[in-house]
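Please open the model in your viewer and keep the selection tool at hand. The stops below go from charged side chains to the sheet and then to the aromatic rings.

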Amino acid sequence: MYTIEIDKECSCFKKSGFENNMTFESREDMINKARVLECRMNQEFCMKHFFQAVDYGDKIIIHSTVRPVEDEDEDIEDARDLVQRSGVTIGFDAAESTPNGRENCSTPSSDF
């Protein structure tokens, strides 16, 4: 059994409807779900925290740290608004094939 745990549940997490302490039959499923959660939390939440998934073998813990306050905070707000207005949904569907049939996005391609 493999588990994803959220280290500190911030108010955004509690409002999100995401589940804490999720269990999976396969390590691959756990890793894929953790990547999606980490990405969505960093893009959709209030931007007060930065979320990072750390792999501990049979458990992944998503840790949060307070984002440093920068002089250009308005840029963060603009980015969040753009993501929310984009209508793009980030998710994982094992039934979908990868672009150009590639298995790994980091594999160089001459298609670009």
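Begin by selecting Arg40 and Glu44 in this predicted model, where the two side chains form a salt bridge whose closest N and O atoms are 3.0 Å apart. Both residues belong to helix 2 and are separated by four residues, about one turn of the helix. With the surface displayed, Arg40 counts as partly exposed at 25% relative accessibility, and Glu44 likewise counts as partly exposed, at 33%.

How many salt bridges does a search of the whole structure find? The search finds three, and the next to select is the one between Asp55 and Arg27, whose side chains meet at 2.6 Å, N to O. Asp55 lies in strand 3 (residues 49-55) and Arg27 in helix 2 (residues 27-44), so this pair ties together parts that are 28 residues apart in sequence. Asp55 has a relative accessibility of 39% and counts as partly exposed, while Arg27, at 32%, also counts as partly exposed.

Now move the selection to Lys59 and Glu5, which form a salt bridge with their closest N and O atoms 3.1 Å apart. Because Lys59 lies in strand 4 (residues 59-66) and Glu5 in strand 1 (residues 2-6), the pair ties together parts that are 54 residues apart in sequence. Lys59 counts as partly exposed at 30% relative accessibility, and Glu5 counts as partly exposed at 22%.

Four strands form an open sheet with mixed pairing, and reading across them gives the order 2-1-4-3. Strand 2 (22-24) and strand 3 stand at the edges with a single partner strand each, so one side of each is left without a neighbour in the sheet. If you look along the sheet, neighbouring strands are turned against each other by 20 degrees on average, direction ignored.

Select strand 1 together with strand 2, and you will have a pair that runs antiparallel and is joined by three bridges. Within this pair, Thr3 stands opposite Thr23 in strand 2.

The last stop concerns the rings. A search of the whole structure finds three aromatic pairs. Select Phe18 and Phe45, whose ring centres are 6.0 Å apart and whose planes meet at 25 degrees, so the pair is stacked. Phe18 lies in the loop between helix 1 (11-16) and strand 2, and Phe45 in the loop between helix 2 and strand 3, so the pair ties together parts that are 27 residues apart in sequence. Are Phe18 and Phe45 buried or exposed? Both Phe18 and Phe45 are buried.

Phe51 is buried, as is Phe45. To finish, display Phe13, Phe18, Phe45 and Phe51 together, which ring pairs link into a cluster.

Conventions: Residues numbered from 1 in each chain as written. Predicted model: local features only at pLDDT ≥ 70, side-chain atom pairs only at ≥ 80, totals over all residues. Heavy atoms only, no water. Salt bridge = Lys/Arg side-chain N within 4 Å of Asp/Glu carboxyl O. Helix = DSSP H or I, 4+ residues; strand = E, 2+ residues; numbered from the N terminus. Buried < 20%, exposed > 50% of the residue type's maximum accessible area, 1.4 Å probe, protein only. Pairing = 2+ DSSP bridges. Axes fitted to C-alpha atoms, helices over the stretch in contact; angles between N-to-C directions. Phe/Tyr/Trp six-rings, centres within 6.5 Å; stacked < 30°, edge-to-face > 60°.
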